[in-house]
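Please look over the points below with the model open beside them; they are meant as a colleague's notes.

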Amino acid sequence: MQTWASTPVPRVAGTPRPLRLYDTAAGEVRPTAPGSTAGLYVCGITPYDATHLGHAATYLAFDLVHRQWLDNGHDVNYVQNVTDIDDPLLERAERDQDDWVVLGMRETALFREDMVALRVLPPRSYIGAVESIPEITEAIAKLLAGGHAYRVDDAEHPDIYFDHTATGRFGYESQYPAETMLELFAERGGDPDRPGKRHPLDALLWRVERPGEPSWESELGAGRPGWHVECSVIALNRLGTAFDVQGGGSDLVFPHHENSAAHAEALTGEHPFARHYVHAGMIGLDGEKMSKSKGNLVFVSRLRADQVDPMAVRLALFAGHYRSDRAWTRQLLDEGIHRLGRWRDAALLDTGPTATDTIARLRDHLSNDLDTPSALLAVDAWANEALAGRGSDPTGPTDLRDAVDALLGIDL
């Protein structure tokens, strides 16, 4: 699958800071420690609707991870999937009398356009579930052969499920008690009450062919893959084990990330799947989480059509910490628009304060678990000084502009 166009990232003078991130599995902020190449996997969209601000907040957070590693001199092997076959996509296509393939391609194209507008650096590998089916079926066959998966006792639909006890570590990532896992599994696409399963928490690996549903021939029989195994296989085959960060929204902690890690660890016998599990908070509107099921979405493409500068959207989302659940409001956007205007006015001056200390503070804040609210205040302080006519450094505005571009992704 085609990724999207990139933008150049300026080099920034001074000393980079090693990145520290909150690890969900450890329950604390820990240093990331990539080698020469940093491995990043972020779960992508299921393309049955346009990119909303909840999506945008997640991909912007991991864009900052990408940028901090680049600042530290790491090559970044960034992988992202597209779940271009799954129940929600098929259900939306049926509801709208649309072709599911056309729907998926159309919304994926719109997502790419939104990412370009928001200046999100693209993944090196952008991989669809459909194109990965041969490698997914190979992995499922290996899980079956190893006793980590089984077919349900159902003559008509002998689907394949993962034995969640296979690794002996299930639950280490989310740290949720069993009651919470069961509740979330039912809410987030699981089927705890499926007859024939060994345990309610066992997750679907392969759904055998049903009349009227798309399916693919394989050694497993005709069918299509489950959701979690898709990410396990795409990540393993491009990043290997113990890569640096697996990321996504906090609603993916369980069951998606817990299962994708368990599947991968059962396949390889190696632990952990990722060295950090990093999750972005939810964006709400009118006191509720922004989600397709609630119909309370603010779309990036709609904001762009209304001539809102994507850099103002970026700044508005950075005004809150990436791990925090937070609300989207018109006031928040207006503040982002105002902030962007002041920064641009200051960056266009012929002279201004020397930017060295501001850049150091910017790096300090972003390296500390992506503390964007403090980072924005540091740039605000420089802009206020510059617009007040203080400072006579002819390189100050250029240095500041390059740092804001490289580290925050804001085009001034």
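**Notes on cavities, helices, strands and cysteines**

1. The largest cavity is lined by Ala57, Leu60, Ala61, Leu64, Leu317, Phe318, Gly320, His321, Tyr322, Arg326 and Thr372. This is a predicted model, in which local features need pLDDT of at least 70 and side-chain atom pairs count only at pLDDT 80 or more, whereas totals for chains, interfaces and linings use all residues. Residues are numbered from 1 along each chain as its sequence is written, and side-chain values use heavy atoms, with hydrogens and water left out. A cavity here is a set of points, on a 1 Å grid over the protein atoms alone, where a 1.4 Å probe fits but cannot get out; a pocket is an open set with protein on both sides within 12 Å along at least five of seven lines, and lining residues have an atom within 4 Å of a point.

2. The volume of this largest cavity is about 60 Å³, a volume being the space filled by probe spheres set on grid points that are joined across faces, edges and corners. Helix H1 (53–71) and helix H9 (310–318) each contribute at least two lining residues, and H1 gives the most, with four; helices (H or I, at least four residues) and strands (E, at least two) are DSSP runs numbered from the N terminus. By class, the lining of the largest cavity holds seven nonpolar residues, three polar and one charged, where Ala, Val, Leu, Ile, Met, Phe, Trp, Tyr, Cys and Pro count as nonpolar, Asp, Glu, Lys and Arg as charged, and the others, Gly among them, as polar.

3. Across the whole structure, the search finds two cavities of 30 Å³ or more. The second largest cavity, at about 40 Å³, has a lining made up of Arg17, Gln68, Asp71, Asn72, Arg363 and Ser367. Two or more of these residues come from H1, and two or more from helix H11 (356–367). The lining of the second largest cavity has no nonpolar residue, but three polar and three charged ones.

4. How many of the 13 residues of H6 are buried? The count is 10, and H6 is thus mostly covered, where buried means under 20% relative accessible area, exposed over 50%, and partly exposed in between (1.4 Å probe, protein chains only). Among the buried residues of H6 are His228, Glu230, Cys231 and Leu239. The length of H6 (residues 227–239) agrees with expectation, because its 13 residues at 1.5 Å a residue should span 18 Å and its end C-alpha atoms are 19 Å apart; the expected span is 1.5 Å times one less than the number of residues. After H6 comes Gly240, which has a positive phi near 75°.

5. Cys43 is buried at 5% relative accessibility, and Cys231 is buried at 1%. The search of the whole structure finds zero disulfides.

6. Strand S1 (residues 20–23) and strand S2 (residues 28–31) run antiparallel and are joined by four bridges; two strands pair if DSSP finds at least two bridges between them. Tyr22 faces Val29 of S2. The hairpin of S1 and S2 has four residues between the strands, and within it Gly27 has a positive phi near 70°.

7. A separate entry concerns an open sheet of three strands, ordered S13-S12-S14 with mixed pairing. Its edge strands, each pairing on one side only, are strand S13 (288–289) and strand S14 (326–327). Strand S12 (residues 283–285) pairs with S13 in the antiparallel sense over two bridges, and Leu285 has Glu288 in S13 as its bridge partner.

8. Tyr48 belongs to the loop between strand S3 (37–42) and H1, and with a relative accessible area of 18% Tyr48 is buried. The C-alpha atoms of Tyr48 and Ile160, which are 112 residues apart along the chain, are separated by 25 Å.

Terms used. A disulfide is a pair of cysteine sulfur atoms within 2.5 Å.
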